[in-house]
Amino acid sequence: MASKYLSSLSKDDYLELTKKLWNIQNHKCFICEEEIDLDLNTTNIDHIVPLANKGKDAEVNFAVTHESCNKSKQDANLKIAKILQKLSKIQKSIQSKTSKSASLKDILKSYNGSKYEFKYKIEGMELKYSFSDIGDNKTYQTPIYTDNLSKEQTCFIEVPVEYLYHDEIINPRGINNSIGKLIKEFDKQNPQLHLSLARIEDDRLKIFDGQHKAGAQILLGTKKLVVRVFLEPNIDRLTETNTMLEYSTANCF
Ligand SMILES: [Zn+2]
């Protein structure tokens with residue numbers, strides 16, 4: 001949608017606004033986050049939140065971008081376009097290095113994740129743990145539940161991304177395009193209804209189900225995720241169930 005505000009500006013005022021936004025953005029394009037050289041690059045000013053989505057036609061809602069980035073953006077909302085652009089960069093780099101699709105592992109790596117072992121102990125039917133490596137020495141404590149039928153023991157904990165890993169054994173596949181929908185959904189502040197599932201292996205918390213949901217949250221800037229942790233699961237059974245569920249609920253990510 002055209003901007004009344006922008007079309008009311010003289011050429012000089014438009015240039016001045018471009019410079020102002022360019023300074024606010026530390027001379028970087030809002031979408032690709034690469035340098036903009038105002039002498040050499042063609043630029044655009046665009047609404048961050050589109051007018052169609054109730055964005056304001058005012059300076060606070062403008063950003064400057066490379067014209068080419070703006071023309072090839074993957075979403076009308078520049079915040080989403082920026083996230084999708086970042087994801088494309090991760091995808092391309094993994095594809096060129098390994099000729100595989102990027103997975104949650106690669107998103108975690110780019111967002112400060114997968115750094116530390118999970119330190120915990122089991123006392124009775126309680127799990128005790130801390131996140132000491134990131135300076136949080138508090139002892140957290142949470143009940144352990146036993147599943148009536150499978151007898152699997154699980155608990156629900158909030159985990160900083162630094163402690164999350166991707167489970168390549170149970171979930172070897174990469175991220176697909178469905179993550180774009182999830183990013184848009186979570187950006188509307190709709191909640192994550194199904195928790196990601198994790199297991200502990202070699203003292204690492206590995207997400208084996210819900211990598212798209214976890215990835216979308218992390219791409220949107222989430223630093224901690226609530227996950228359901230299986231304590232000492234039967235891997236064959238988990239793999240079998242996970243595969244079955246993915247076939248039967250293929251649209252649920
Ligand atoms: Zn750009």
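The zinc ion is held at 2.1 to 2.4 Å by Cys29 (SG), Cys32 (SG), His66 (ND1) and Cys69 (SG). Donors are N, O and S atoms within 2.8 Å of the metal (3.2 Å for Na, K and Ca), and water is not among the atoms, so sites may look incomplete. The model is predicted: local features need pLDDT of at least 70 and side-chain atom pairs pLDDT 80 or more, while totals for chains, interfaces and linings use all residues. Residues are numbered from 1 along each chain as its sequence is written, and side-chain values use heavy atoms, without hydrogens and water.

**Zinc site**
- The site is tetrahedral, with angles of 102 to 118° among the 4 donor atoms (four donors count as tetrahedral if all angles lie between 85 and 135 degrees).
- Cysteine 29 lies in the loop between helix 2 (11-24) and strand 1 (43-47) and histidine 66 in strand 2 (residues 62-66), so this pair ties together parts 37 residues apart in sequence.
- Helices (H or I, at least four residues) and strands (E, at least two) are DSSP runs, numbered from the N terminus.

**Domains**
- An automatic or database domain assignment gives domain 1 (4-73) and domain 2 (100-252).
- The C-alpha centres of domain 1 and domain 2 are 38 Å apart.

**Sheet**
- An open sheet of mixed pairing contains 6 strands in the order 6-7-11-9-10-8; two strands pair if DSSP finds at least two bridges between them.
- Strand 7 (residues 153-160) pairs with strand 11 (residues 224-230) in the antiparallel sense over 7 bridges.

Technical notes:
Tetrahedral: all angles 85-135°; square planar, octahedral: opposite > 155°, others 65-115°.
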